[in-house]
Amino acid sequence: MRYLALLALCLAPLVAVAQEWEDRQVFGAENTGTPLRILSSTDASFFTPIIEDFIASNPSASVEYLVTGTADLNKIFRETPNDFDVVISSAMDLQLKLANDGFAARLQDVSHPEWAQWHNSLFAFTSEPAAIVVNRSALGDLPIPNTRQDLIQLMRNHPDHFRGRVGTYDVRQSGLGYLFATQDARASETFWRLTEVMGRINARLYCCSGQMIDDLITGDLFMAYNVLGSYAQIRAETSHELLVILPSEFPTTMMRTVLASRTAENPQVAEDFIRHLLTLQAAGSPTNFPLPSLSLSEANGGQTTIALNPALMTYLDQMKRDDFIREWEDAIVQGK
Amino acid sequence: MTDDVNVSGSLRNRLAMILTGGAAVLAVILFVVVRALATQVAQQGQDNILNASMSSILDTAIIRDGRVTLDFPYSSLSMLGTSADDRVFYAIYESDNLLSGYGDLRTPNTTSHDQNQFTNSTYNGDTIRIATGTRILIGSDGPRTVSVSIAQTQDALSDTLNIISRNVALIGLGFFVLSSALALWAASATSGQLHRLTRSVTRRGPQDLSPVTKEVPSEMGPLVGSLNTFMSRLNHTLTQSEDFIAEAAHRIRTPLATVRSHAEATLQRVEHSENRAALQSMVRAIDESSRAAGQLLDHAMVTFRAENLETEDVDLVELLRELVQRMTPVADMKDITITLKSDGPAILSGDAILLQNALRNLIDNALKYAPAETAVVINVSTTPEISVSVMDGGSGFATDEIKTLSGRFIRGKDTGNKVGSGLGLTIAKEVTAAHGGTMSLQNRSEGGACVTLHF
């Protein structure tokens, strides 16, 4: 019994650190003092220049950047809100619910557009559409799908060509995938037909955009739906196989959001970081802000950006979520 | 004048105080009432939206496969978006089992069977407004009660109320300032009428007892009416007594002249020294009485003429020269020399008879009080204004009497047995005043009195 207790004691810290991060990076490690802990769903490569710029202007600061999936991120932060200072996620609905439930600190007098912030606590700083990404050579002579309807036609006409070669988010695992899916479903019935067609040809389900793009480059996947356009665009610069298409009827556009934990240890540093991030966003210089900033989305007005509104919580309702997932599973997992 | 009036408070201040006080009270009432109304309306607005949101959720409740589900639309929560980004909470219950939402939103006792009830509460440290509704679904296994509570923080509401309060406060303040300005204006306009009447009465000369003829507001009519009546009564009484004195003086003087001539004649015949002395003092007394009567008449004449002044150009130097000439014999009797100094004619627009009378009284006084073998100097100067000084070599005025000597029947204390009525300086003063001038009494530094008339 005593040994068991001892074992439990030894294991307890292990359990605490047993969290497996997709990525973990420390910036300004030589600086003393508690590091600013950023919990994020964004690949570290995008944030490296931003954080380095922040440390350059706050030489005493150090930053620990922890990356995990959106759904996981939401779960971790809800369980231990004191352990993190800043939360960055692309799942707007989960972020808004965090702010609504009082996890976020209110920052006063932040000069930021009214439509890109909520309750002075949740701030949107990018504008990123969901895209259809195809592998050019895999597509061959087939027409390039510019709309969801084209996509449906393509898969219906050539089911054997695309069987097992089309990918999309697994909405059960990915918070962002769930957000994209629910917003699509809200906007058009096409979404359900598309899901059904994808189910029929045994579409593959992914946790994250990165893996979908990887498989597209290797030619494992021919097409992917609802891939994060910003990630795909960066990879398309180096791989000519990739073609990024924004659905011309309505590209669902997400805004990446940031909030400061209300119970954070370094509230001032967290606030400074958010202000710095928003300043970089407003400046929009690609060298130290590699993400698509908000102003760009304003320029090509046709996009349907998901609004920061309490209604985002609608599909997070347990009953609605259960119904949606069941319906989605019925459509896409039919053959499995 | 107000020194001896029993003054208590000010009509204008009281009026202004009542009006501004009333305006202040009204402004405060306006603020309180409008703010209460605005609160009610704003709360009603929030309640309506909460109710609509709650109903739209409740309406989607159905029984599917034996369980209650609510597939509520996106708009149910999106309609709760506010400018202040108010936080939104909801809870869906079947009987007492939480189906979804915020389980800690509802306090146990709020479950009542009232339809659509609104309550205030706090959640996460914020004030929230909760709308709750219930619906009964009939399933295969009997009725099932579904209730939905939807809550919203009140940031936008309090923002709205703050804006309204600020605006209403500004309106109230503006109302108060305007009303106060009006109140002050009304108060000073009212008291201005009184001031005008006061000024027109104060500006009058001492002899002016004519009625007030200016237009006055009806409220002041009775006051002015009684003032006019009072003045006309006073005027009547004054005129009567002046007439009476003049008549009396006149009636006394003539018999006195007869008595004096009889006394003079008797004096010539009486040899006994005691009798002579008695007669002489009798003549002196008669002279004094006659002189007093004469001056009383003079005074009555002066009063009358001063009231109805008839002016012509009078050369004071010429007038004085005649007077000096006429009085030289009297001066010679006392070995007094009269000198008239002037630097040219002094033309004055006035009543020659009055002026002569006044100056004669002054010279008369000088001769009377100057000791023998002294000089009386009359100096006329025309720059900067016309003035006449009569100076003698007597003992001068007692310094404590200078201010009062020109009053009626006031005589100096050291006048000894000199004949006099106490009216001489009064006549001189009143004549000067009737010509718009002043009289001043001084003692000369080298001894003797100096009376100066400034015109």
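Mentor: Start with helix 7 (residues 352-369) and helix 8 (residues 424-434) of chain B, whose axes come within 9 Å and cross at roughly 145°. Axes here are lines fitted to C-alpha atoms, for helices over the stretch in contact, and angles run from 0 to 180 degrees between N-to-C directions. Helices (H or I, at least four residues) and strands (E, at least two) are DSSP runs, numbered from the N terminus. The model is predicted: local features need pLDDT of at least 70, side-chain atom pairs count only at pLDDT 80 or more, and totals for chains, interfaces and linings use all residues. Residues are numbered from 1 along each chain as its sequence is written, while chains are lettered from A and ligands numbered from 1 in the order in which they are written.

Helix 7 of chain B brings residues including B:Leu354, B:Ala358 and B:Leu362 to the contact. Helix 8 of chain B meets them with residues including B:Ile427, B:Ala428 and B:Val431. Contact means C-beta atoms, placed from the backbone, within 7 Å.

Now the sheet. Chain B has an open sheet of five strands, order 4-3-7-6-5, with antiparallel pairing. Two strands pair if DSSP finds at least two bridges between them. Strand 4 (97-101) and strand 5 (117-123) of chain B are the edges, each pairing on one side only.

Twelve bridges join strand 6 (residues 126-139) to strand 7 (residues 142-153) of chain B. B:Arg129 has B:Gln152 as its bridge partner, and B:Arg135 has B:Val146.

Seven bridges join strand 5 to strand 6 of chain B. There, B:Ser121 partners B:Ile128. In that hairpin, B:Asn124 takes a positive phi near 55°.

Key:
Two residues are in contact if their C-beta atoms, placed from the backbone, lie within 7 Å.
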